[in-house]
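Subject: Structure handover

Hello,

Here is the structure you asked about, with the sequence. My notes on what was found in it follow below.

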Amino acid sequence: MENKLINIKNNAIPMIRDAETPQELEEVRVQVLGRNGQLTLAAKEIKDVPAEDRPRMGKVINEIKTIVEDAINTQLSSITNQQSKRKAAIDVTEPGIKPSLGHLHLITQAIHEITTIFEQIGFTRVRYPEVEWDWYAFEALNFPENHPARDDWETFFMKEEPDKEKGPMLLTPHTSSGQVREMERHVKQAKQTKQPIDIKMLNIAKCYRRQSDVSHTPMFHQFEGLVVGKGIAITHLKGTLDYFVKSYFGEKRTARIRPYHFQFTEPSFEVDVTCGVCLGKGCKLCKAGWLEMGGSGMVHPNVLKAGGIDPEEYTGFAFGWGVERVLMMKEGITIDDLRLLYSNKLEFHEQF
Ligand code: DAH
């Protein structure tokens, strides 16, 4: 009997080592250890063995069982290892996995769009410092020192010692701070070229104010237009507004200007655009059919003077609107909380 048992083991081990799949291994297991397997049947013959040899035979059967089981397990793990290695190898003939493509931030897209619209009618995009002198942000724009109108701009001031002429430093609360800088640049140029002053500026930049709620973020973007030349009139301003509104919002929307007050323009206007939902009829969203877009006006003579331009010779118009605001006024864009634009919530950004 002992020889028979050893033969079963000696037959089984090479079969196990040669097995190439888990199925082949299972077949060997059934053949040897299954209910009618060789070892199981052999174990039943133990009753024919002399009584004194039975315990030893029992031990041998158990040992062989363990050896066969161990061999099966070892072979099984080597088969699965090889399989996963084979999978990991690169099959260059397999079709590739397309990486998912993201898109530019909504505000970056809006800035590109606005820039293209204005470049088509001759505006040049410029950028001026975000950390700015009080002079350019307020004083040169006809805000006398300590004037209460400054409070509307909720400005962040720097701790540094103020400059004797330009005052304290601040985070610019609006892109209007680029107006006088642009005038200075053109005055210098005009002196060299001896050509008349001809400004068509588009200043798009980050602005900062002490504000944070569903419709305000401490950092936001504005785009500022400034046109200065000989004979510039309100009609040029209105034509530019209409052109922008049609290009950006679509043919169905129109603009209107409404008297208002700004320190740096005279006369000043607030610009409204017909609501994208009711197109001016009045609805729940807009109430009276119009949505407010931002400010505009004819450049105040004091501002031209601050920029070194003679207001008797030149006139100009200016406007300043929020990028976030015009984006939200576009059809099909609903942003419940503006702060989401500057969060890292991908689910929000991926819906556009
Ligand atoms: N700077 C103003 C603001 O932030 C907007 C503005 C109003 C800009 C009138 C202009 C303008 O250029 O003419 O509220």
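Helix H5, residues 106–119, packs against helix H8, residues 234–249, at an angle of about 135°, and their axes are 10 Å apart. Angles from 65 to 115 degrees count as roughly perpendicular and those over 145 as roughly antiparallel, so H5 is oblique to H8. The crossing of H5 and H8 is right-handed. Please keep in mind throughout that this is a predicted model.

Next, the ligand. Which residues are closest to the ligand? They are His174, Ser176, Arg209, Gln222 and Glu224, out of 16 residues that surround the ligand.

- Histidine 174 has a side-chain N or O atom 2.9 Å from a nitrogen atom of the ligand.
- Arginine 209 places a polar side-chain atom 2.8 Å from an oxygen atom of the ligand.
- Alanine 318 contributes through its backbone, where a polar atom is 3.2 Å from an oxygen atom of the ligand.

On its own the ligand has 360 Å² of accessible area, and the protein covers 93% of that. Strand S6 (219–229), strand S9 (290–299) and strand S10 (315–322) are the elements that each give two or more residues to the shell around the ligand. Sorted by class, that shell holds nine polar, five nonpolar and two charged residues.

Two backbone details remain. As background, most peptide bonds are trans, and most residues other than glycine have a negative phi. Where does the chain have a cis peptide bond? The bond from glutamate 266 to proline 267 is cis, with omega near -5°. Proline 267 belongs to strand S8, residues 265–274.

The other detail is asparagine 146, a residue other than glycine whose phi is positive, near 60°. Asparagine 146 sits in the loop that runs between helix H6 (134–137) and strand S3 (156–157).

Regards

Terms used. Residues numbered from 1 in each chain as written. Predicted model: local features only at pLDDT ≥ 70, side-chain atom pairs only at ≥ 80, totals over all residues. Heavy atoms only, no water. Near = heavy atom within 4 Å. Polar contact = N/O pair within 3.5 Å; in protein donor to acceptor, adjacent residues only side chain to side chain. Areas by Shrake-Rupley, 256 points an atom, 1.4 Å probe, with all protein chains shown as cover. Helix = DSSP H or I, 4+ residues; strand = E, 2+ residues; numbered from the N terminus. Nonpolar A, V, L, I, M, F, W, Y, C, P; charged D, E, K, R; others polar. Axes fitted to C-alpha atoms, helices over the stretch in contact; angles between N-to-C directions. Parallel < 35°, antiparallel > 145°, perpendicular 65-115°, else oblique. Left-handed = near helix turned anticlockwise from the far one by under 90°.
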